[in-house]
Amino acid sequence: MGMKEKLHQLKLKYQGKKMAPAFNALHTFLYTPNETTHSGGHIRGADDLKRTMNTVIMSLVPCLLFGMFNAGYQHYSAINGFPANFDLFEHFLTWENFLVGITTVLPLVIVSYGVGLAIEFLFAVIKGHEVEEGYLVTGMLVPLIVPVDTPLWMLAVAVVFGVVIGKEVFGGTGMNILNPALTIRAFLFFAYPTWMSGDKVWVHEGVERAGTADAISGETVLGYLAQGNTTELYQKYDLAEMFFGFIPGSVGETSTLLIVLGGLFLIFSKIASWRIMLSAVLGSLAMGLIFNGIVDAGWLPEYSKFYALMSFPYWQHLLVGGLIFGIVFMATDPVTGSQTNKGKWIYGFLIGFMSVMIRVFNPGYPEGVFLAILLMNVFAPTIDHYVVRGNVKKRLKRLKTATIYPKASDEEVDALKTETA
């Protein structure tokens, strides 16, 4: 008897019992169901929830692999110094770098999936419904948006909070109003701020070596800008390194190139909304242009603590921090984002606009995309409400000025005018 038959027998044995959702989830995760549709008047679609989640995960895998290599590269560069003549295969794609990444990043992925899916199974058993695949993407996103040395117990606590408070209390997958991954990130930021900011947390062993003779630092680009230290910034990193991702940061947020390729893949597969992506980019560029204009006009003195961030070229905001990652993989969440086409333009534009604004005016933690997305998650239903109301009003106005049908009687005409008055 094969594994599939054994699982099917267990599924039948526990059918209708408390643990049935757990066995059903394991059975359908490993194998196709025994009962499938073969004929009849059925509509067959390939875009079910599981395939949608798997498509998003596929777009995130390159960012994960790059983050593993980058974890080792930043670690050894902080100890030995950055190579003078950088070579991709000699200095970046090495087994030493990958070994550091696999030992630091992979545990984050395991804890994220292990704890999150355990909660999903628990709530499925308690509520008596099938296990939903909604956490498959969240489980991959969480390790990519945290520092490489985030303590595993801390991540586990945050995942419990994010899944329970951010999703399950609203009814589970498809009912939540906040992005679960960003809820987890926000919990980590406000509960353990020293592990989510500073110049030590972005490099492996940075916190561990702090205060010793072997101390290392991995200040991010935004960290340099928040301190007004632009001279050292441009001596250490150039635009190519910012674009390709050879800079410190959260595990999967550094490579703009891979993130953009992942976004194009999601657009091509019709999983993510290009309207939200494009409008968010336009919103960030608009806010950056406004800040650059203020600096160019001489309205802000150079000694201001906001000068470096406000004078940072508007388009380069997309190359650093988690802005482009948040726009591509989190703002486009189909559950927590706007649903109407016009609403998506407004929703995305405000995310980009506020992300750069928060980034500039919050120098203690010069990053604002996750706060901007969470805020707009709350206002997305309101945006859609007024978009729909606007469309209804336009149709009523069009109805008032519509040509009266020739066969309509005077009474019908008067009744129509009264109804739409």
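Me: Where is E205 found?
Reply: E205 is found in the loop between α8 (180-191) and α9 (221-227); helices here are DSSP runs of H or I, at least four residues in length, numbered from the N terminus. This is a predicted model, in which local features need pLDDT of at least 70 and side-chain atom pairs count only at pLDDT 80 or more, while totals for chains, interfaces and linings use all residues. Residues are numbered from 1 along each chain as its sequence is written, and side-chain values use heavy atoms, without hydrogens and water.

Me: What makes the phi of E205 worth noting?
Reply: Most residues other than glycine have a negative phi. E205 is not a glycine, yet its phi is positive, at about 70°. K270, in the loop between α12 (256-268) and α13, is also a residue other than glycine, and its phi is positive, near 60°.

Me: Why is α16 called roughly antiparallel to α17?
Reply: Helix α16 (residues 341-361) and helix α17 (residues 369-400) pack at an angle of about 150°, and their axes are 8 Å apart. Axes are lines fitted to C-alpha atoms over the stretch in contact, and angles between N-to-C directions run from 0 to 180 degrees. Angles under 35 degrees count as roughly parallel, over 145 as roughly antiparallel, 65 to 115 as roughly perpendicular and the rest as oblique. The angle of about 150° therefore makes α16 roughly antiparallel to α17.

Me: Which residues of α16 and α17 meet?
Reply: In α16 they include I346, Y347 and L350, and in α17 they include L375, M376 and A380; contact means heavy atoms within 4.5 Å. The residues of this contact divide into 15 nonpolar, three polar and three charged. Ala, Val, Leu, Ile, Met, Phe, Trp, Tyr, Cys and Pro count as nonpolar, Asp, Glu, Lys and Arg as charged, and the others, Gly among them, as polar.

Me: How do α13 and α16 cross?
Reply: Their crossing is right-handed, a term that applies if the near helix is turned clockwise from the far one by less than a right angle. The axes of helix α13 (residues 274-296) and α16 come within 7 Å and cross at roughly 35°. The residues of the contact of α13 with α16 divide into 17 nonpolar, seven polar and two charged.

Me: What volume does the largest cavity have?
Reply: Its volume is about 90 Å³. A cavity is a set of points on a 1 Å grid over the protein atoms alone where a 1.4 Å probe fits but cannot get out, and lining residues have an atom within 4 Å of a point. Among the lining residues are W202, H204 and P248, and the lining divides into six nonpolar, six polar and no charged.

Note on methods:
Helices (H or I, at least four residues) and strands (E, at least two) are DSSP runs, numbered from the N terminus. On a 1 Å grid over the protein atoms alone, a cavity is a set of points where a 1.4 Å probe fits but cannot get out, and a pocket is an open set with protein on both sides within 12 Å along at least five of seven lines; lining residues have an atom within 4 Å of a point. Grid points are joined across faces, edges and corners, and a volume is the space filled by probe spheres set on the points.
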